[in-house]
Amino acid sequence: MSSEVYIGDSATLSFLQLIRMIVDNVAGPSPFTLDPRRHRIVENTISLPQNIRHTHLLPDRQTANVLVDAYFTNVSSILADGDHL
């Protein structure tokens with residue numbers, strides 16, 4: 001198996017299944033790889049009070065730049081070759 005895996009378009013469930021397959025290939029069957037609930041991920045639902053108004057405000061430019069830099073720093077650490085960014 002290749003040591004490089006592209007995960008950019010993977011949904012959470014499919015990424016977790018990929019990890020289970022890798023673990024199964026390396027370590028064999030286990031409660032983690034054979035979990036009967038392995039094909040389900042339950043999303044936590046929340047409800048906001050009726051009087052909450054969504055503002056959809058963007059952060060200021062400096063905050064946005066810091067957030068974007070932090071994103072690319074963290075994402076490039078999981079990619080084999082960060083030059084693709």
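Analyst: Contact means heavy atoms within 4.5 Å. This is a predicted model, in which local features need pLDDT of at least 70 and side-chain atom pairs count only at pLDDT 80 or more, while totals for chains, interfaces and linings use all residues. Residues are numbered from 1 along each chain as its sequence is written, and side-chain values use heavy atoms, with hydrogens and water left out.

User: Which residues is arginine 20 in contact with, leaving aside neighbours within four places in sequence?

Analyst: They are Phe32, Thr33, Asp35 and Arg38. Arginine 20 itself belongs to helix 1; helices are DSSP runs of H or I with at least four residues, strands are runs of E with at least two, and both are numbered from the N terminus.

User: And which side chain of opposite charge is nearest to arginine 20?

Analyst: That is aspartate 35, 4.4 Å away. Arginine 20 is buried yet has no salt bridge. A salt bridge requires a side-chain nitrogen of Lys or Arg within 4 Å of a carboxyl oxygen of Asp or Glu; Lys and Arg count as positive, Asp and Glu as negative, and His and the chain ends are not counted. Buried means under 20% relative accessible area, exposed over 50%, and partly exposed in between (1.4 Å probe, protein chains only).

User: How much of the chain is buried?

Analyst: Of its 85 residues, 6% count as buried. The chain has two helices and zero strands.

User: Changing topic, how many aromatic pairs are there?

Analyst: There is one. The ring centres of tyrosine 71 and phenylalanine 72 are 5.1 Å apart with planes at 75°, so the pair is edge-to-face. Rings of Phe, Tyr and Trp (its six-membered ring) pair with centres within 6.5 Å; planes under 30 degrees apart are stacked, over 60 edge-to-face, and the rest tilted.
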